[in-house]
Structure formats: structure tokens, C-alpha cells
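Let's take a walk through this model, one piece after another.

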Amino acid sequence: MFYREVGDFKTSYAEDQQTFPIAFDRWRYYVVIAVAFLVIPFIINDYWEKSVLLPFLVFSIAAIGLNILTGYCGQVSLGTGGFMAVGAYACYKLMTGFPELNIFFVVILSGFVTAAVGMVFGLPSLRIKGFYLAVATLAAQFFLVWLFNKVPWFYNYSASGQINAPERTVFGIAVTGAASPSWATYLFCLVFVFALAWAARNMTRGPLGRKWMAIRDMDIAAEIIGVSPLSTKLTAFAVSSFFIGIAGALYFSVWFGAVEVTEAFGINQSFRVLFMVILGGLGSIFGSFAGAAFLVLLPVFLKNVMVGALGWSTAIAANLELVIVGGLIVFFLIAEPHGLAALWRTAKEKLRLWPFPY
Amino acid sequence: MSDQLLFSIEAAINGLMTGILYALVALGFVLIFKASEIFNYAQGVMALFAALTLVGLQKGQVPFAELINAIFGTNIHEFGWEMPTALALLLTIGVMVLFAILVERIVLRHLVNQAPIILFMATIGLAFFMEGFGDLMWGSDIKALDIGLPKGLSETVDQTTFEWFGYGFFIDRLDVAAAIVAAVLVTALVLFSQYTRIGRALRAVADDHQAALSVGISLRLIWVIVWAVAGFVALVAGAMWGAKSGVQFSLSLIALKALPVLMLGGFTSIPGAIVGGLIIGAGEKLFELWVGPLIGGATENWFAYMLALVFLVFRPQGLFGEKIIERV
Amino acid sequence: MKLNRIAAVAFAALMAAGPALAELVVPSLSYRTGPYAPNGIPYADGFADYFTLLNERDGGIGGVKVRVLECETGYNTEKGVECYESTKGEGALVYHPLSTGITYQLIPKTLVDHIPVHSMGYGRTSAADGRIFKWVFNFPGTYWDAASIIVKHIKDQEGGDLNGKKLALLYHNSAYGKEPIRTLQELAKKHGYELTLLPVDHPGQEQKSQWLQIRRERPDYVIMWGWGVMNQVAIQEAANIRFPMDHFIGVWWSGSENDVLPAGDGADGYKAIAFHPPGTDAPLFADIKKYVLDAGKAAGDGSHFGEVLYNRGMYAAITVAEAIRTAQQMNNVKEITPTMMRDGLENLVIDAKRWEEIGWPGNPEIHVTCANHGGPGLGAIQQWDAKTKTWSLITPFMEADREVVDALIAEDAAAFAKENNITPRECK
């Protein structure tokens with residue numbers, strides 16, 4: 001019924017190679033985009049903005065970034081929090097150092113700064129593999145957080161070491177600072193998510209993505225067929241850090257507006273993004289979105305049900321929330337180790353044949 | 001001897017003592033990784049959970065008191081008895097064995113042959129679960145743990161060193177006790193794995209799963225045993241750290257201290273965990289004392305990782321890890 | 001699948017919103033879970049229990065019941081913001097963010113949402129300048145007040161002269177822990193003592209190097225800005241190296257029963273600064289016991305009754321209740337808005353007579369003004385007695401070194417005003 005290729009004829013190679021070859025899928029995608037851009041901005045309110053949509057968008061970018069590194073290139077990283085901090089602090093320094101520069105370019109530049117830092121910390125990946133690498137990236141995590149906490153230059157010598165985002169505008173509308181309207185911050189992030197997801201999707205389909213995957217599947221074999229591990233691993237670290245840096249910059253400037261590095265970009269953040277990637281599905285852009293949505297919405301949902309609807313004590317609810325989230329993670333890993341993306345694929349297969357499965 | 005040198009020696013000795021405590025946590029990781037190639041992130045939370053259970057049993061706390069009170073409107077908190085430490089210890093070991101069985105039944109059995117990262121994630125899920133569960137069961141107050149270990153400055157060491165060098169060294173008696181316990185524990189583990197039937201089976205599984213299976217060793221039983229032993233190690237680590245600061249949530253964060261120890265020592269080596277712990281313990285103390293003041297201090301969180309990172313670049317499998325052989 | 005979930009969230013959010021009855025809504029952003037839960041629980045209990053008392057005994061404030069809206073933050077800024085956004089629509093009158101991170105989040109928002117924030121003894125110190133921070137309050141004292149009072153106490157103990165003395169600051173390596181550094185440095189210039197800084201990284205489970213350093217350099221006093229497990233470990237280590245405990249002084253977040261009990265007898269004599277008296281001697285506590293605890297209406301299990309942090313939660317609740325009362329009288333209405341609440345906070349006066357009426361005499365007077373939101377800035381030193389397991393005040397409430405602190409506040413507030421283009425308002 002749905003998702004059927006029948007009657008969907010391709011007359012050129014370009015058509016055959018497109019991202020969504022099935023017409024139904026393509027239209028569904030257009031509808032989602034249209035709703036995101038044209039409907040949600042009109043119905044959004046503060047709560048949805050700050051607690052649901054911005055977290056979802058920001059973590060989607062971070063998850064796509066980590067997915068490029070871990071899912072496509074096979075390098076497990078636990079330094080995501082540290083790299084997000086680089087993005088946030090680069091953003092802060094650029095915002096305060098060049099007040100005239102449009103925030104849009106500030107965020108992109110922050111991404112480039114993070115990419116450079118990411119490449120430096122990616123160098124050990126040439127020697128260190130597997131869990132050793134995962135733990136080694138923790139060095140980046142702890143060192144970067146310590147650095148931003150310790151060197152006063154990074155937080156402009158403020159008394160407490162907090163950084164605060166001043167108000168910046170795009171086309172005359174504030175997107176950072178407390179006075180920014182919900183729809184503006186939402187759209188600002190959405191533009192980034194859209195552009196980056198599109199870029200990621202096409203990068204992973206192209207020669208670069210194929211090289212990453214070759215390295216992931218077996219790096220020695222890849223090296224023998226002429227894929228350079230040095231440039232491939234480093235590009236993966238650079239691209240991944242670019243994404244994560246942008247996520248960090250948006251996290252700080254648009255979502256929160258004030259950040260303390262030890263708390264906001266600690267190791268928990270690294271784990272959280274890795275969860276999103278793995279629960280969503282390694283090596284899948286859709287999976288990154290699904291994972292982010294799952295881990296952002298589930299706690300909010302559980303909290304609202306248990307405290308709001310059922311009126312339980314907040315402590316019990318918070319502990320039960322941990323129990324349920326932990327339990328669900330284990331459950332999902334058992335039920336579908338390849339993540340929500342694999343579930344989605346199965347669902348699509350089923351829908352294709354529905355209602356006549358034989 | 002100069003003051004500086006004496007002080008460095010004192011710091012190094014204290015660092016070595018702390019290193020043993022790190023190694024205790026790392027040991028739990030190694031045991032499980034060796035037998036099942038699972039990087040068990042939940043080890044830290046297991047330590048917390050074990051220590052909570054120990055104190056809870058000792059003080060006669062009612063498990064899930066808050067939950068029960070919330071549901072049934074009762075107001076119970078304590079049974080009103082004090083359990084002798086030895087009995088509480090035994091019961092806690094029982095709980096950890098039960099925990100190992102449940103983990104194998106509910107989680108591991110279904111995840112056989114999955115990629116290591118999936119298993120790793122499963123243990124993080126498990127860690128979340130246990131954090132919430134432990135809190136629900138025993139409450140989140142700080143609990144003072146007293147299992148009769150000595151605490152505080154060791155007079156003997158202070159006086160002897162004062163007579164020798166004119167500068168009294170500080171050694172915490174709790175650290176000495178912990179070092180002795182750790183030594184006993186490691187010896188016992190080595191003896192266990194060398195001279196008992198189950199120990200041999202453990203080593204066989206660590207060597208080659210398939211081969212071990214084919215000679216009739218039950219993988220599941222081995223896993224249960226390994227997790228139970230890791231639970232026991234977690235209990236010891238939790239009790240040692242808990243005696244220092246009271247048993248509380250932050251105890252689970254000591255896992256982060258154990259990770260660089262593992263990198264340095266290799267994930268698969270028990271001596272590696274000990275030596276790695278000692279190197280990191282002494283290294284971070286000396287670094288904090290001599291380099292720390294120059295760059296602003298509080299370096300201990302990242303120094304261990306950096307040390308391990310630099311080390312790994314030269315020896316990617318860790319100090320005692322098995323050489324990584326890769327074939328196409 | 002995803003849509004279903006979103007719809008369910010929306011449904012749950014709607015359920016949470018509920019109909020608004022005639023009541024005064026006071027949100028309580030508590031943390032009963034996570035690494036800082038042992039500190040968060042007594043505070044949240046005290047906060048809630050006082051309002052329960054008002055509802056049970058007096059039928060609310062001015063005849064209107066108070067609804068405490070508790071929301072779990074886990075001391076996490078992300079969750080704190082979620083709590084703020086989800087409760088602000090319910091007529092929340094004032095926020096006690098209960099964490100430095102969340103406070104910094106909410107300060108800019110107050111200008112837009114017009115709901116006052118009261119960070120009682122934490123948060124941004126320069127918010128004491130009411131001309132610039134119109135919506136933010138941090139009375140009865142700031143960290144900088146605390147630092148200068150501690151130094152004053154040390155000076156008193158040393159017979160009025162600190163020249164050549166060595167002081168060490170052991171601090172949590174975060175925004176919170178770094179707060180007193182500037183003040184202590186300024187005071188060092190003034191009094192001629194030498195200051196050593198010893199940062200401890202989160203969580204602070206391992207402090208051997210810091211304490212070995214203290215043992216070697218033998219500072220005359222150690223001041224602590226600690227939080228969570230760091231406090232217990234520090235006090236234990238101090239006892240281990242036999243540092244004279246009465247020369248070890250903590251800030252008001254490092255001086256509760258939680259912090260000293262694990263160290264047992266070793267903690268005897270440890271000091272901390274406080275802005276309210278410890279213990280349960282006052283008549284108010286008898287009322288709480290009668291109307292709340294014994295009636296089975298306590299927020300927690302009642303085991304924290306009378307602890308330092310429980311009292312602090314009550315103290316916070318009292319300031320809220322009194323501000324509501326003030327706002328009701330000022331506007332001659334029963335139900336007030338957050339804007340009225342702000343005026344109530346700004347005109348809050350709790351003098352000795354009023355403290356007597358509340359049933360908790362011995363507290364210093366509070367007198368908030370338009371220009372001074374940090375009000376009275378008094379603190380006393382309390383000391384721990386390990387035998388009786390009680391804290392007791394050993395000094396009267398002392399004033400901070402206003403000269404030094406006010407200059408620092410003015411400087412920092414001006415920087416904030418400049419950064420955010422705020423023109424200081426005129427105060428009569």
C-alpha cells in the first residue's frame with residue numbers, strides 16, 4: 001500500500017540515485033519539512049521551544065556528527081562533550097570579540113574551530129583502536145573542560161567563569177538572549193539542522209563516505225585497496241567535530257544563553273550523544289534524529305506523566321525515570337541492536353506489502 | 001635529604017596507596033572484560049549499589065521504604081535492628097550473586113555475539129537502571145559506613161619517619177588497610193583462577209570462547225561467576241571508598257578514575273590493573289604537586305587520561321595487554 | 001510513532017497544567033536525586049513543610065492557600081530550565097533556583113518574563129545591586145559577604161592582626177567555588193595575609209594532594225567553598241592530618257550535618273558560617289512538629305527535621321511567605337501577581353518583632369530596599385559538636401566588610417549592565 005515502487009518509473013540515472021527513490025517516501029519527507037518550516041513556527045510556545053524542540057534540534061546535530069565518526073567511520077568517541085564545549089567557547093569568544101559579525105557566521109566559524117581541535121585529538125586514532133580509543137578520547141573530554149574552566153581568557157575574566165550570550169540578531173530579529181522569540185530561535189536552529197543533515201546525507205553517499213565505511217569495516221583491508229587511513233580518519237574527525245561544534249555553539253548561544261562548562265559539557269553529555277547514536281542506529285542519518293528524539297522526549301514525557309498526571313513525588317518519579325530509561329535502553333538493544341533506524345526499515349518493509357503480506 | 005625530595009616521596013607513597021584503591025575498581029572491569037569482552041561501565045554503580053546494600057542491611061533500613069510509604073500510606077523506615085558487619089557482608093555478597101544471575105538471565109543471554117559497543121551500551125543502560133534502583137531501594141541520604149577499619153594518621157609511620165628524616169610522613173591507616181585488603185583479594189583471585197576447576201574454566205573462556213564451549217564449559221555459568229566475582233570486588237571497592245566519604249551517589253563516579261588505569265594496564269590483565277593503578281596514583285599526585293601550581297591546579301581529572309593517552313600512542317595494547325594482531 | 005509520542009507529551013503537559021484555583025503558587029526547584037541529593041532533600045523538605053504549616057495552621061497566607069509546585073532538577077541546568085518553563089505558566093510567584101547554573105539561566109529571563117528570582121545566599125553576587133538587577137534578589141547575604149565575615153572571624157581569633165598569616169582556600173572548581181577568590185584577594189591586600197588557592201575538581205572524591213599540601217605548608221586557616229561529596233572528604237582528610245578543626249571554616253553550603261557526620265568524632269570543632277540559627281529551640285519548630293510532622297503531612301520522612309539545611313529551606317519559605325504578605329498588604333488584594341511579588345520582595349521588612357511573631361527569634365533583621373537586594377549581609381559562625389551532634393552559634397551575627405564587598409559588587413554589576421545595555425534605575 002505504502003512505500004511501493006510499483007508504477008514509479010525512473011528515466012534517468014539522477015532519478016535512480018536520489019536520496020528518496022520511492023515517491024511516497026519523498027512526499028512524506030516534503031510534508032515533514034513543510035510542517036517543520038511552515039506550521040510549527042506558528043504554534044510553538046516557550047515550553048515546547050526550550051524543553052522539546054531546541055533540545056531535539058541541537059542534539060540531532062550532535063548525534064549526526066558523532067554518527068559520522070562512530071557509525072560511518074567506526075571510531076568510538078567519548079569526547080563529544082568536550083568538543084561541544086569548544087564550539088560553545090569559540091562561539092562566545094567570536095560573539096564578544098566581533099560584535100558586528102552575524103551570529104550565523106559565528107556559529108559556522110565555531111564549527112571550523114572545533115573541527116581543527118577535533119583533528120588534533122583525532123591523531124591518536126591512527127595508533128589506538130577500539131575501547132582504548134574510546135577511553136583515550138576521554139582525555140580530550142576532561143582536558144578541554146579543565147582548560148575552559150581554568151584559563152580566564154576563555155570566559156573574558158568574569159568573576160565566576162560563567163559565559164553569557166549577548167543578544168544577536170538575524171534580519172533584525174533576536175535569536176540569542178532572553179528576549180528572542182521562540183519561533184526565531186527554532187527556525188534558526190532548524191535551518192542549521194536542515195543544511196547539515198542534507199550535507200551529511202550526501203557526504204556519506206559520496207566517495208568520502210565510502211572511504212569512511214571502508215575504514216570502519218576493516219581498516220587494514222581498506223589501506224591495501226588504497227584508502228589512506230590518515231586522511232580518512234582525520235576527515236571523519238574533522239567533519240564530525242564540525243557538526244558537534246555547531247551543536248555546542250547553538251546549545252550555548254541559542255538554547256541556553258548562559259553556560260558553565262563543568263556542568264553543561266561534562267562526560268554525561270558525551271554519553272548521552274553516544275546513546276542517541278546507538279539507540280537510533282549506527283550509520284544512519286534518520287537514526288540520529290530518532291535517537292535524539294527518543295532521548296530528549298522520553299524523560300520529559302515520563303516526568304509529565306508521573307509527576308504531572310499521576311501526581312507522584314518528584315524524587316520517586318526521577319528515580320523511576322532512570323530505571324525506565326535504563327531498562328528501555330537495554331530492552332531496545334536486545335530487541336533491535338541496530339537501533340530505531342532498523343525498526344523503521346522493518347516497518348517500511350511491512351508497510352510496503354500491507355495489507356497483503358504474501 | 002632535602003625537604004622537597006622528602007615531600008615528593010611522601011606524596012608518591014600516598015599516591016601509590018590511592019592507586020591501589022583505583023586498581024580495586026579497575027579489577028572489576030578486567031575480570032568481566034577478560035571473560036566476556038564486555039566493557040562493563042556499570043562497575044562504578046555496582047560499587048555504589050553494593051556499598052548501599054551493605055550499609056542498609058547493617059543499619060536495618062527497610063528497602064524501598066519511600067516507595068512503600070508512598071503507595072500504601074505507611075510510615076516505615078527501619079526494622080529497628082543492627083546487623084553484625086560480618087553477617088551484613090555475607091548477605092550483601094548474596095545480593096551481588098543474585099544480581100549477577102539476573103544480569104546474565106535478563107541481559108547478557110540475549111546479547112550474545114553482538115558487537116562490543118552494543119554490549120558496552122547495554123552496561124551503561126544497566127548503570128542508569130541501577131542508579132535509579134539503588135536510590136529507590138535505599139534512599140539518597142549520605143550514610144556513614146563503619147565496618148571497623150582504622151582511620152586517620154598512622155602514628156607509627158609519622159614517628160619513625162620523623163626519627164629518620166626529621167619529617168613525619170602522613171599515611172592514612174585506612175589506605176594501609178585498603179592496600180592489605182587489595183593484596184589479599186588479588187592473591188585470592190590469582191589462586192582461584194590458577195588452582196581451582198572453575199578458575200581454569202575461566203581462563204579457558206578468556207582464551208577462546210569457541211574452544212572453551214567445545215570442550216563443554218558452560219559459558220553462561222562462567223558469566224554468572226565472573227559477574228558475581230566482579231560484584232564482590234565492587235563491594236570491596238565500594239566499602240573502602242565509602243569509609244572515606246560516606247556512602248553516597250558520588251561513589252559511582254569512581255569508575256571514571258579506573259578507566260585510565262585500564263588503558264594503561266590493558267583491559268585483560270590483572271597485574272596490569274594493579275601496576276596501572278600504582279603508576280596513575282603516584283603520577284597524578286606528583287604532577288598536581290609540582291606542575292599543578294604552575295598551570296592552576298585541579299589537574300587530577302585529566303592528567304591520568306593524558307598520561308594513558310601518551311602511553312598508548314607508543315604501546316596501543318596497554319602495559320600488559322595482549323599484543324593486537326590484525327589480519328585481513 | 002513519533003507523532004503519537006508528541007501527542008502524548010502534549011496531553012500530559014495539558015494534564016499537568018490543570019485549572020487554576022484561587023491559590024498562591026510557589027515553585028520549588030528541588031533536587032532529591034543525583035550527586036547532591038543529600039543536600040537537596042532537607043532543604044526541599046523544610047521549604048515545603050513551612051508552607052504546609054501555614055496552610056494547616058493559618059489557612060494559608062491572608063486566607064489564600066499556598067500550593068508548592070515541586071519540580072525535580074537533579075541539580076542539572078537543563079532539567080532546571082525545563083522546570084522553569086513548565087511551571088512559569090501556572091502563576092509562579094518567585095523562583096528559588098537552588099543552583100548557581102540555573103540562577104545564571106534565569107537572570108536574563110526575569111527581564112522578559114517578569115517573574116522575580118530569589119537566589120538566597122548563592123547565584124550571582126552582584127545581583128545584590130537592585131538598581132541593575134531589578135528582578136533578582138539574593139538577600140540575606142552573598143558569597144562575598146560570607147568570605148569577608150569569615151576573614152573577620154579569623155581576625156578576631158587572631159587578636160585583630162592577620163599580617164603574615166597564611167590562609168588557604170579549598171574550593172570546588174566551578175563557578176560557585178570561584179566566587180570568593182576576588183574578595184579574599186582584595187582582603188589579603190587590606191589585611192596583609194597570604195592566600196593559597198587549592199582547587200578541587202568535581203566530584204572531589206580524592207583530595208590527597210590538596211591535603212598533603214596543606215599538611216606541609218601548614219596554613220593558619222583553611223576556608224572551604226565545597227559542595228557535595230567534596231565536603232565530607234575534606235573534613236575527613238582534615239581530621240586525618242589532624243588539622244586543628246576550629247581553624248577550618250566552611251561557607252554556608254559546607255556546614256550541614258551531612259558534611260560532618262561521616263567523619264565522626266574527627267569533625268569535632270569544625271566551623272561554618274551561617275545566616276540563620278541552627279537547632280530546633282524556637283517555638284516555630286514546635287508548631288511544625290505539631291501541625292506537620294505529627295499530622296503525617298511532612299514532605300519527606302521527617303528525619304531531617306531541624307537540620308541546618310532543613311532550617312535553611314524553612315528560612316527561604318519564610319522570606320517567600322513574608323514577601324507575599326507584604327505584597328498583599330501593599331496592593332490590598334489577596335491574590336497577587338509576580339510583579340506584585342517583586343514589589344513585596346523589594347519592600348520586605350522582617351524585624352526582630354516580626355521574627356518573634358513568626359516564632360523564630362534570633363534571626364537577624366531583613367530589610368530589603370530598592371538599591372540593596374543583598375540585604376543585611378550578616379553572618380555568624382557556627383561550630384560542630386561531635387558528641388552531642390549539634391551545631392551551635394559561637395559568635396553573634398557580624399557585618400561584612402561593606403567597603404570592600406560593595407566596591408566589588410558595584411564593579412561587577414556595572415559590567416553586567418554594560419554587557420546587556422541596562423541603564424541602572426533610580427532608587428529613592
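Two residues count as in contact if their C-beta atoms, placed from the backbone, lie within 7 Å. Before going on, keep in mind that this is a predicted model, where local features need pLDDT of at least 70, side-chain atom pairs count only at pLDDT 80 or more, and totals for chains, interfaces and linings use all residues. Residues are numbered from 1 along each chain as its sequence is written, while chains are lettered from A and ligands numbered from 1 in the order in which they are written.

Chain C holds 14 helices and 14 strands; helices (H or I, at least four residues) and strands (E, at least two) are DSSP runs, numbered from the N terminus. Its radius of gyration (taken over C-alpha atoms) is 21 Å, close to the 22 Å that the globule rule (2.2 Å times the number of residues to the power 0.38) gives for 428 residues, so chain C is as compact as a globular protein of that length. The C-alpha trace of chain C spans about 65 × 55 × 50 Å along its principal axes. Of the 428 residues of chain C, 61% are buried, meaning that 20 or more other C-beta atoms lie within 10 Å of a residue's own, with C-beta atoms placed from the backbone.

Now zoom in on a helix pair in chain C. Helix H2 (residues 37-58) and helix H10 (residues 283-293) of chain C pack with their axes 9 Å apart, at an angle of about 75°. Axes are lines fitted to C-alpha atoms, for helices over the stretch in contact, and angles run from 0 to 180 degrees between N-to-C directions. H2(C) and H10(C) are therefore roughly perpendicular (65 to 115 degrees). On the H2(C) side you'll find C:Asp49, C:Thr52, C:Leu53, C:Glu56 and C:Arg57, which meet C:Asp287, C:Ile288, C:Tyr291 and C:Val292 in H10(C).

Hop over to chain B, where the axes of H1(B) and helix H11 (residues 255-265) come within 8 Å and cross at roughly 70°. That makes H1(B) roughly perpendicular to H11(B). Among the residues making this contact are B:Tyr22 and B:Phe29 of H1(B), along with B:Val261 and B:Leu262 of H11(B).

Finally, look at where the two chains touch: 32 residues come from chain B and 36 residues from chain C. H1(B) turns up again here, giving the most to chain B's side, with five residues.

Key. Angles under 35 degrees count as roughly parallel, over 145 as roughly antiparallel, 65 to 115 as roughly perpendicular and the rest as oblique. A residue is buried if 20 or more other C-beta atoms lie within 10 Å of its own, exposed if 12 or fewer, and partly exposed in between; C-beta atoms are placed from the backbone.
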